[in-house]
Amino acid sequence: SGRLGVRRDGVKVECPPGTHAFGNQSACQPCEEGKYTAAAGQPACFVCEASKGHTSSLDRKSCGRCMANFFLWNNTECKKCPGSANCATEGLTTETL
């Protein structure tokens, strides 16, 4: 059995993918940018491999590389490349921009 969160009505539920609970007495919370949970009932979110240009998906259920014309900023989120940069490839980071 995984980590349980508590709904507003007091019922304990298994936290869905993309969320976690700090303890069995807290509500399920979404993972922060750059972190994810792929399975339900996780006690904590896992960190994406920023060194490989990975960050979390918008739903925080997986990690992936930033698509072309974007770069990984602050190791957490994909941002649009500045007009002067060559961003034709996926997985660019601030260091490789």
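Tutor: Let us begin with a single pair, keeping in mind that this is a predicted model. A disulfide joins C48 to C63, with a distance of 1.8 Å from S to S, and a pair of cysteine sulfur atoms is counted as a disulfide when they lie within 2.5 Å.

Student: What is the handedness of the disulfide between C48 and C63?

Tutor: Handedness is read from the torsion about the S-S bond; for C48 and C63 that torsion is about -75°, so the disulfide is left-handed. The pair links distant parts of the chain, since C48 sits in the loop between β6 (46–47) and β7 (54–56) while C63 belongs to strand β8 (residues 63–65), 15 residues apart.

Student: Is C48 buried or exposed, and how is C63 classed?

Tutor: The cut-off to remember is that buried means under 20% relative accessible area. C48 has a relative accessible area of 6% and is therefore buried, whereas C63, at 29%, is partly exposed.

Student: How many disulfides does a search of the whole structure find, and what pattern do they follow?

Tutor: The search finds 5 disulfides, and with bonded cysteines counted along the chain their pattern is 1-2, 3-4, 5-6, 7-8, 9-10. One of them is formed by C15 and C28, whose sulfur atoms are 2.1 Å apart. C15 lies in the loop between β2 (12–14) and β3 (19–20), and C28 in the loop between β3 and β4 (29–30), so this pair ties together parts that are 13 residues apart in sequence. The torsion about the S-S bond of C15 and C28 is about -90°, so this disulfide is left-handed. C15 counts as buried because its relative accessibility is 0%, while C28, at 24%, counts as partly exposed.

Student: Which cysteine is joined to C66?

Tutor: C66 is joined by a disulfide to C78, with an S to S distance of 2.0 Å. This pair also links distant parts of the chain, with C66 in the loop between β8 and β9 and C78 in strand β10, 12 residues apart. C66 is buried, with a relative accessible area of 1%, and C78 counts as partly exposed at 31%.

Definitions and conventions:
Residues numbered from 1 in each chain as written. Predicted model: local features only at pLDDT ≥ 70, side-chain atom pairs only at ≥ 80, totals over all residues. Heavy atoms only, no water. Helix = DSSP H or I, 4+ residues; strand = E, 2+ residues; numbered from the N terminus. Buried < 20%, exposed > 50% of the residue type's maximum accessible area, 1.4 Å probe, protein only.
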